[in-house]
Amino acid sequence: SSSFGSTYIYCASPGAQSGSALLSCTPCTLAKSFSIHRMLRAATLCLLVTTGQTDTSSDAALDLDDECVQSGSSSTEACALDALQRRGLQLKSGSSGPSKEETCFQNDTYYRQWDNEIRMLGTRKSRERSVEMCQERCQQTEGCAHFSYWPNGDCTLVSLHSFPVHHKGGIAGPRSCKEYFHSGIKAHVQDVAPDSAWIAATSTYQPPTRSYLKSAHNPFSEPDLKNCLTAERSHRGTCYEDVDWAMHTGIFEKPSDYPELSAGASSFEEFQADLHLKEPKRCSQPCLLKYADYSVPSFKEPGYRVMKGVSYGASPLKTMKSHLINDDFMAEIPGALWADWGRGDMQLIKDMGANTMRMYGNDANTSHRTFLDTAMNKGIDIIAGMSDFGFIQGPDNCLLHKYYCYDEAYFYFHKNLLLGFTIDNFKKYHPALKALILANEPDLKVQPRHLICRAMASIFDAILDAEKDVGITGNPIALTITWSFANFHGPKGTPALGQMEDFWKCLQDGPEKAPTNYKPKNDLVTAFKQRFVNSFNTANAAKEVKLMFLDRYKKSSFWTDDLKIPVFIGEYHSVRNGMKDDLSDMIAFAKSEEYPFFMGYNFFEFSRRYDKGGPEMEFGMFGYGDCILRDMNYTGQVYTIWNLVPMNDKEGYPLARSLKAAFGTGRALPIMPHSSADCQLGTKGVP
């Protein structure tokens, strides 16, 4: 097709009956910039589905986030059925499925601790007569979350902080199949998706109900900055190691030793304060952080600062030969990428003038407290997202339940709230966390489209219930759905805005009515008015976004005397154009009095996704050089951390210089935080 035309893909299996939703593909109108590579990929996926073949491509390449544009066509109803959804439909249309025994026990698998040990501290390898007896031993052992059973009868146990490893002959499973089935997580290790690749099936750790650090608050609430000292990796002595051990090992081995702390929720400083109270000579008084306290989502506050963001999904892979096991880069181990002790990506983002990071992967079994504390200290707002694992990727995803997503969303987000998303004994959101994306481009993933509201309303409802059950009352975050820039409403429709209006209308009309058929447990209309902001992704140039969206949004029902719903761009980068002035133009729109509702954008994206290849190679402000900075062992796989090198736009101008200018920090290339680091001689990382 021409660069200004529309791309259509038709396919049908031989002998397919008319009207078969699975065995035929309706016309698909795709983006102006839709590449030949992706067109062929979409056609191939369609063919695989219609002929019943297996898609053997890497999971990392299964994203299909191209946008639809106004083309004057009326056949956009079935636009861009996502490849991952196809995989889910194949699961749904398969045979009777695995038995409970097959689902609970993972064949050719065993579990290791995070530190790579094959058994948890305080346990030994035993001989058991059967896999069931090995599981029974796990149930009788405090702290055991998974067991591994070997053909010779060996039985090993691991804690919650563990990961699955493929090994011929091994059999692994959770401590309780009953709890496992109830949790809704039924993934074999080979089925684990790259987004939040492993999530524990059950948790044995119960956070304390009383306020943690109660005895420490008074002496440390107003610390003497001349005397306080928070331990760091570079400090000499054992305090840092002691605190780190207490956070990641001690509290799980013997929670009673830390009655006022919560694993995964309490901060490094709070653990150090606890150790200081017990042994003042071993650990100094830490400089406790001071957290803001507010009652209205910051993104809903009139006059809140312009969003100058960067989309951050910094995959360390440099080729397509391997793929990510886990893409949660808010965890502590990937601090090798974002932390000051690592490559220093977050400081680099701050130095460029950014004040927001839009995140993607979200492992519900990983603490995000350290990441959020670091972001708060640097003045960076965090926009987190719900993982696609429970949405369309996992083996029990909500696609398989006609997009009833409440159970999956509640299960994952409830864990998020207990593992770093909240502070003050889970009463308030962490002030660095400003928004949660309920789903990224669901309009390109949910089919048939009349079930989009069912999916989004049930996730929305689940988030509100999880907050209530945990007891959150302070520092509310904004909630949003990030739509594609597709137009599903014909020549008179507006990209993205049409989807926003459809969802709002569904909530007002009542999602319990057909075809949505979802009865909410909460008042979603009121919650929408109080908590929601709109968002969308686009690869269009600034002037196009102004004409196609901003000029229409100001006349929409979202910006009236009775309703004020701000909007931001979740991903922004027009690869078809030079960015030297475009990025500054878009910031100017956000500052303009003409568009008081426009919050700003997140530049897409921080680093190039070599592991995806194809059109994804056109994005990325930084690429990877040849200097090996360190290795990172994350979820059982070793990755190489490379140095960053600036990448250019289509016209040869460095993207980093354009973004710095737009964010008000000049046009000079940024100084890399790792520029003085020594290059390592070799790496054990995957290619």
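Buried means under 20% relative accessible area, exposed over 50% and partly exposed in between, computed with a 1.4 Å probe on protein chains only. Keep that scale in mind as we go.

You are looking at a predicted model, where local features need pLDDT of at least 70, side-chain atom pairs count only at pLDDT 80 or more, and totals for chains, interfaces and linings use all residues. Residues are numbered from 1 along each chain as its sequence is written, and side-chain values use heavy atoms, with hydrogens and water left out.

**Stop 1: colour by confidence.** pLDDT is the predictor's confidence in each residue, from 0 to 100. The chain has a mean pLDDT of 81, with 77% of its residues at 70 or more. Select residues 1–102, where pLDDT is below 50 and the model has 173 contacts beyond near neighbours in sequence; a contact here means heavy atoms within 4.5 Å. Then select residues 183–223, another stretch under 50, with 141 contacts beyond four places in sequence.

**Stop 2: threonine 356.** Select threonine 356, which sits in strand S9 (residues 356–358). Helices (H or I, at least four residues) and strands (E, at least two) are DSSP runs, numbered from the N terminus. Is threonine 356 buried or exposed? With a relative accessible area of 1%, threonine 356 is buried. Show its surroundings: leaving out residues up to four places away in sequence, threonine 356 touches Met307, Lys308, Gly309, Val310, Ile380, Asp381, Ile383 and Asn602. Its side chain also makes a polar contact, at 2.8 Å, with the side chain of asparagine 355. A polar contact is a pair of N or O atoms within 3.5 Å; within protein, one must be able to donate a hydrogen and the other to accept it, and residues adjacent in sequence count only if both atoms are side-chain atoms.

Stop 3: Aspartate 381 forms a salt bridge with arginine 305, their closest N and O atoms being 3.1 Å apart. Arginine 305 lies in the loop between H8 and S8 and aspartate 381 in strand S10 (residues 381–385), so the pair ties together parts 76 residues apart in sequence. Aspartate 381 is buried at 5% relative accessibility, while arginine 305 is partly exposed at 36%.

A salt bridge is a side-chain nitrogen of Lys or Arg within 4 Å of a carboxyl oxygen of Asp or Glu, and the structure holds 22 of them. Pick aspartate 293 and lysine 428 next, whose closest N and O atoms are 3.2 Å apart. Aspartate 293 is in the loop between helix H8 (268–278) and strand S8 (307–311), and lysine 428 is in strand S12 (residues 428–429), so this pair joins parts 135 residues apart in sequence. Aspartate 293 is exposed at 55%; lysine 428 is buried at 19%.

**Stop 4: glutamate 467 and its helix.** Glutamate 467 lies in helix H14 (residues 452–470) and is buried, with a relative accessible area of 8%. Its contacts beyond four places in sequence are Phe413, Leu417, Tyr429, Ile472 and Arg531. Now show helix H16 (residues 524–531): its axis and that of H14 come within 11 Å and cross at roughly 80 degrees. On the H14 side, the contact is made by Ala457, Phe460, Asp461, Leu464 and Glu467, and on the H16 side by Leu524, Ala527, Phe528 and Arg531.

Note on methods. Axes fitted to C-alpha atoms, helices over the stretch in contact; angles between N-to-C directions.
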